[in-house]
Amino acid sequence: MQAGKDTLLWMYEKMVEIRNYEETMADVYLEGKLPPNIQKGLAFDIGSGPVPGEMHLAAGQEPVAVGICAHLKQDDTVVGTHRPHHFAIAKGVPLDKMTAEMFGKATGLGKGKGGHMHLFDPVHKFSCSGIIGASLPPACGAGLAAKKMGKDWVAVAFFGEGAANQGSFHEALNLAALWKLPVIFVCEDNKWAISVPKTNATSIDWVADRASAYGMPGIKVAHNDAVEVYEAVAPAIGRARRGEGPTLIEVKTDRYLGHFQGDPEVYRPKDEVSNLRKNDPIPRLAALLKSRGLMSNGEGEAIVARAKQRVAKAFAFARESAYPVPQDALQDVFA
Amino acid sequence: MSTPRTLTMAQAIAEAIGQEMERDNTVFVMGEDIGKYGGIFGATGGLLDKFGPERIMDTPISETAFIGTATGAAAAGLRPIAELMFVDFFGVCMDQIYNHLAKNTYMAGGHIKLPVVLTTAIGGGYSDAAQHSQCLYATFAHMPGLKVVVPSNAYDAKGLMTQAIRDDNPVMFMYHKGIMGLPWMAYFEGASNEVPEAQYTIPFGQAKVVRAGSDLTIVTLSQMVQKSLLAAEELAKQGISAEVLDLRTLVPLDRNAVLKSVARTGRLLVADEDYLGFGLTGEIAAIVAENLDTVALKAPVRRLAVPNVPIPYSRPLEQFVIPQVKGIVESAQALMKGRVAETVAA
């Protein structure tokens with residue numbers, strides 16, 4: 001399936017928005033975490049500042065999220081990972097509530113009880129988990145529900161290449177294939193499981209090669225390119241919507257930042273990221289749009305300005321929102 | 001009017017599930033051997049014939065996958081029942097249970113509902129050794145986000161199961177193998193009792209005085225209720241009047257029922273088949289200890305549970321570590337002789 005003008009422009013705008021979101025978050029995250037504002041002797045304090053805790057950013061991995069989500073409707077389910085912002089933004093999760101959640105505010109998606117690894121938006125059918133490999137089983141559940149309700153909804157489970165070595169991967173792929181569930185399993189291979197490279201953790205080059213072991217198609221996307229992802233995964237979405245069963249997709253992508261913010265990245269070669277950034281998928285898509293006459297310079301600038309404005313508004317909303325009262329911690333254990 | 005019927009606990013559970021499936025087509029069951037076999041412990045007996053394989057779904061041996069599937073399906077609006085064959089198997093799927101099923105509603109700020117019933121078999125007494133004989137209800141009650149139901153008889157099991165399926169939250173429904181009334185395992189016949197055919201519910205968090213008494217309170221649950229009733233019978237012959245309180249659910253826990261009974265009798269024995277350390281017996285004792293301003297004890301609290309060892313295989317070893325009727329009688333006798341200090345030593 002060829003991506004039309006609207007799809008290309010949508011993917012471009014979303015990628016710009018995601019990148020700007022992650023870069024803004026990288027800056028805001030550092031607020032209050034560095035000397036001299038922290039305990040003496042520390043170089044960094046993970047628990048301080050307006051956005052405390054771990055922070056896993058997805059700059060560089062935008063093509064996976066937009067290339068898949070461009071095919072999805074609001075009723076389709078997405079289950080993301082501990083690095084979830086690009087998926088959430090591409091699925092349409094409201095930026096303001098999502099950001100407020102990371103600021104721990106009462107206006108957040110989970111009223112400040114989840115944080116950045118645990119974003120739940122039932123309206124846009126988005127959720128994620130901080131546990132590696134945990135996205136696959138609940139995506140099977142969403143697929144089973146769609147099937148039982150007689151809907152053509154699909155469910156997407158995103159996971160990293162490191163998660164493909166969890167038992168949940170095997171269990172979920174077998175179950176989904178056995179029950180012909182409308183699930184698309186999408187492996188984001190960013191080559192690093194925190195500090196361990198894929199070559200030291202996985203016995204084969206392509207996780208997608210495992211698809212045949214479960215009796216489902218495997219699709220390989222060799223480049224970190226939104227158009228390539230969009231076009232390659234179209235058959236998987238169609239297959240799931242038609243009730244023909246799941247597909248395993250693997251996309252080679254690039255992680256521009258550390259595993260988490262504050263990661264010294266002693267494990268990766270010093271020039272790796274600068275080399276990866278030479279192949280940045282966002283300017284490449286901009287160039288494609290311009291070369292096909294689908295976006296003028298002025299339109300391109302307007303897209304960037306709009307995306308930045310949405311991000312700025314979301315951060316302002318989060319900053320201005322009130323914290324929950326401490327006693328709210330005792331609410332919502334049960335529905 | 002239909003004539004009174006006696007059901008086994010297994011039959012009562014299966015009936016509750018079947019009737020709720022007729023009433024609500026979003027209810028379905030997943031698990032290992034729950035179809036043609038009817039559940040290894042009979043909790044889904046006859047349901048496949050009635051509802052077919054679309055709603056009574058045998059799964060691969062993939063507890064992580066199907067319990068996670070239950071969570072995902074519940075988030076999408078269905079009401080799955082998933083069976084973890086033995087509670088001891090929680091080791092292979094605990095992440096999906098306690099990191100996801102139990103926590104997602106909270107982390108979503110209450111914006112999602114996860115109406116999942118997780119049924120599971122508990123308990124020993126038949127030489128199945130350390131990996132197939134535990135109770136572990138206190139482990140699940142310890143972690144926030146799961147309701148924990150532990151019935152002692154068929155009547156309660158039916159009402160509690162109907163309530164569990166209608167609850168909008170994850171419920172662990174833990175049935176003891178030795179009161180299910182299986183044709184292949186000795187069981188306490190007191191657990192098979194009269195069960196109305198019509199649907200009914202029993203609210204969670206309501207303990208039940210299953211035998212009234214005035215000298216001591218035995219707080220207990222599950223199969224141990226049946227043992228305690230036999231012990232109370234024996235104690236009555238000796239002139240000791242024991243009250244037996246069946247907790248029925250651990251989350252929510254009926255603290256008031258415990259305090260009310262102990263305030264009346266002044267003596268507390270907790271009879272439990274879970275591990276002694278850091279568990280249910282300590283919790284109940286603590287509730288009483290925190291309320292000594294309104295509850296006067298005549299004797300120190302006594303706790304009866306599995307000493308902190310895995311459940312052994314050999315019969316004399318297992319019978320020794322799992323509290324038996326005789327042990328309850330002896331503990332009650334000792335409790336009657338106990339005295340609390342009248343003043344604190346300087």
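Does A:Asp332 count as buried, exposed or partly exposed, and with how many C-beta neighbours inside 10 Å?

**Ground rules.** I am reading a predicted model, where local features need pLDDT of at least 70, side-chain atom pairs count only at pLDDT 80 or more, and totals for chains, interfaces and linings use all residues. Residues are numbered from 1 along each chain as its sequence is written, and chains are lettered from A and ligands numbered from 1 in the order in which they are written.

**Entry on positive phi.** I looked up A:Asp332. It counts as partly exposed because it has 18 C-beta neighbours inside 10 Å. The cut-offs are 20 or more other C-beta atoms within 10 Å for buried, 12 or fewer for exposed, and partly exposed in between, with C-beta atoms placed from the backbone. A:Asp332 is not a glycine, yet its phi is positive, about 75 degrees. I found A:Asp332 in the segment after helix H10 (297-320) of chain A. Helices (H or I, at least four residues) and strands (E, at least two) are DSSP runs, numbered from the N terminus.

Next I checked B:Arg248. Its phi is also positive, near 65 degrees. B:Arg248 is buried, with 28 other C-beta atoms within 10 Å.

**Entry on cis bonds.** I found a cis peptide bond between A:Pro35 and A:Pro36, with omega about 5 degrees. Another joins B:Val251 and B:Pro252, with omega about 0 degrees.

**Entry on the sheet.** In chain B I traced an open, mixed sheet of five strands, ordered E9-E11-E10-E13-E14. Strands pair if DSSP finds at least two bridges between them. E9 (208-211) and E14 (302-306) of chain B each have a single partner strand, so one side of each lacks a neighbour in the sheet.
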